[in-house]
Amino acid sequence: MLRKRSWILLLCGAALFAAAGRLATTRAQTTPAKAVEVKIDNFTFAPPTLTVTAGTTVQWINRDDIPHTVVSEDKSTFKSKALDTDDSYSYRFTKPGTYTYFCSIHPKMVAKVVVQ
Amino acid sequence: MARKAKDEIQIDHHHDGHHHDGIDRRGFLKCMAWAGTGTLCVMRGGVLKSFELGGFSKQDAAAAAKGELSFAQISDSHMGFNKPANTDVVSTLKAAVDKLNGLSSAPEFLLHTGDISHLSRPEEFDTVEQILKSAQVKEVFYVPGEHDVTDGDGKEYLSRYGKNTQGQAWHSFDKKGVHFVGLVNVMNLKAGGLGSLGTEQLDWMQKDLAALSASTPVVVFAHIPLWSVYPEWGWGTEDSAQALALLKRFGSVTVLNGHIHQTMQKVEGAITFHTAASTAFPQPQPGKADSPGPMKVPAEQLRALLGITDVNFVRGQQALAVVDSSLA
């Protein structure tokens, strides 16, 4: 019984080690890439459609005099806190697809990020 | 400017602008004109009268004083806002409280129709509560604005104002024969959507109203307008028609909203809609700017565009008298 448990622990440990290794390599590969900016002003996201490659970090900066949020349409993929003037929020897109997002305070503000 | 507005309104009253339904549409349109110059809009027996605050006659004042119930509405205090449109929202909220305390008949209670805070921060709510303590009213009732629930589910708001409420803080109460319903239409909004009440709240509302007789005066208050003011800017509630259908059988319904930072009125059958001014900053007229962002006006004009609403209920009259006054 004891022996079995130690085997499981060993396996878990190995898995963690492997995961950490992967994480380190991904990080090393993407460090040079600069974040792509989306400007929030006048109750709009600009550009309304942003196309990036997988692995790109997108940074939203609120230049409006009213707070806004950046929330994915499913409300779970990404979700910022309320961004006051000059606050920013970043999210790294790893999987290709079309990500529609909106401001949960002013839901008429809708835009998207296309990840290739 | 203010004087001119008054004269125009008086001239309109000399006109025979009354329709078969007894509503003076010319006067009504004047009232809708967004000005915030201290115009009073008073509905009595289905006939609308407009006055400047100073032009309120002794008779009218006496009628208002005789009313069974008087309450006031303030809205959109946006505590924490500090941008050029108004760098001192504390002072303007205090001015609103002074205005309330100066009313000839003290309102029994206060309704705050949301956007108490600017960023849902505890210290912002604290400041408003502290300032409202100096208001000479027995109670303050709140509904949240979208700025009070920026996390999406309103944890901070619910921890403060959720007591004795249902669901996501909707609630109802009775005051001297008038039934009040506080609705929440700012939670869990969908991408591209408008304000939303949701089926759970509508079901509750149906049950809440079921026991009332059709002659009970009903006051509904919520942050985002329950009529389509300007959906392009999100100034409307997607399922408000369902709420209004529940109110159709009542003889006197008053709907009080905030959100659009300007006063506006509309009458549909027995339902009178009214939006209150903000105590913090004005917003542009629907579609008259690129976006609904804060309107910057010269400092000396600011207080004329901010305000409070005083509501009087006189039994036997068809509608409640709704009176707006500016902070200037």
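**Before you start**

Residues are counted from 1 along each chain as its sequence is written, while chains are lettered from A and ligands numbered from 1 in the order in which they are written. Since the model is predicted, local features need pLDDT of at least 70 and side-chain atom pairs count only at pLDDT 80 or more, but totals for chains, interfaces and linings use all residues.

**Stop 1: colour by confidence**

Chain B has an average of 82, and 79% of its residues score at least 70.

**Stop 2: where the chains meet**

Show both chains. Here 18 residues of chain A are in contact with 20 residues of chain B; contact means that the C-beta atoms of two residues, placed from the backbone, lie within 7 Å. On the side of chain A that touches chain B, you will find eight nonpolar, five polar and five charged residues. In this scheme Ala, Val, Leu, Ile, Met, Phe, Trp, Tyr, Cys and Pro count as nonpolar, Asp, Glu, Lys and Arg as charged, and the others, Gly among them, as polar.

**Stop 3: chain A and its strands**

Chain A has one helix and eight strands, and along the sequence they follow the pattern α-β-β-β-β-β-β-β-β. Helices (H or I, at least four residues) and strands (E, at least two) are DSSP runs, numbered from the N terminus. Of the 116 residues of chain A, 28% are buried, meaning that 20 or more other C-beta atoms lie within 10 Å of the residue's own, with C-beta atoms placed from the backbone.

Next, find the open sheet of four strands in the order β2-β1-β4-β6 (chain A), which has mixed pairing. Its edge strands are β2 (44-46) and β6 (88-93) of chain A, each pairing on one side only. Two strands pair if DSSP finds at least two bridges between them. Strands of a sheet pair through backbone hydrogen bonds, either parallel or antiparallel.

Select strand β1 (residues 36-41) and strand β4 (residues 56-62) of chain A: they run parallel and are joined by five bridges. Look for V38(A), which stands opposite W60(A) in β4(A).

Then move to β8 (residues 110-115) of chain A, which pairs with strand β3 (residues 49-52) of chain A in the parallel sense over four bridges. Strand β7 (residues 97-102) of chain A pairs with β8(A) in the antiparallel sense over six bridges.

**Stop 4**

Bring back chain B, which has nine helices and 13 strands. Of its 328 residues, 47% count as buried. Find the open sheet of six strands in the order β6-β7-β8-β9-β11-β10 (chain B), again with mixed pairing. At its edges are β6 (171-175) and β10 (264-268) of chain B. Inside this sheet, strand β9 (residues 253-257) and strand β11 (residues 271-275) of chain B pair in the parallel sense over five bridges, and L256(B) stands opposite H274(B) in β11(B).

**Stop 4: two helices side by side**

Select helix α7 (residues 199-210) and helix α8 (residues 240-247) of chain B. Their axes come within 10 Å and cross at roughly 10°. Axes are lines fitted to C-alpha atoms, for helices over the stretch in contact, and angles run from 0 to 180 degrees between N-to-C directions. The crossing makes α7(B) roughly parallel to α8(B), a term for angles under 35 degrees. Show the side chains of L202(B), M205(B), Q206(B) and L209(B) in α7(B), which meet Q242(B), A243(B) and L246(B) in α8(B). By class, this contact has five nonpolar, two polar and no charged residues.

**Last stop: V186(B)**

Go to the loop between β7 (178-182) and α7 of chain B, where V186(B) sits. Is V186(B) buried or exposed? V186(B) counts as buried because it has 30 C-beta neighbours inside 10 Å. Leaving aside neighbours within four places in sequence, V186(B) has contacts that include G114(B), P144(B), H223(B) and I224(B).

Technical notes:
Parallel < 35°, antiparallel > 145°, perpendicular 65-115°, else oblique. Buried ≥ 20, exposed ≤ 12 C-beta atoms within 10 Å, placed from the backbone. pLDDT = per-residue confidence, 0-100.
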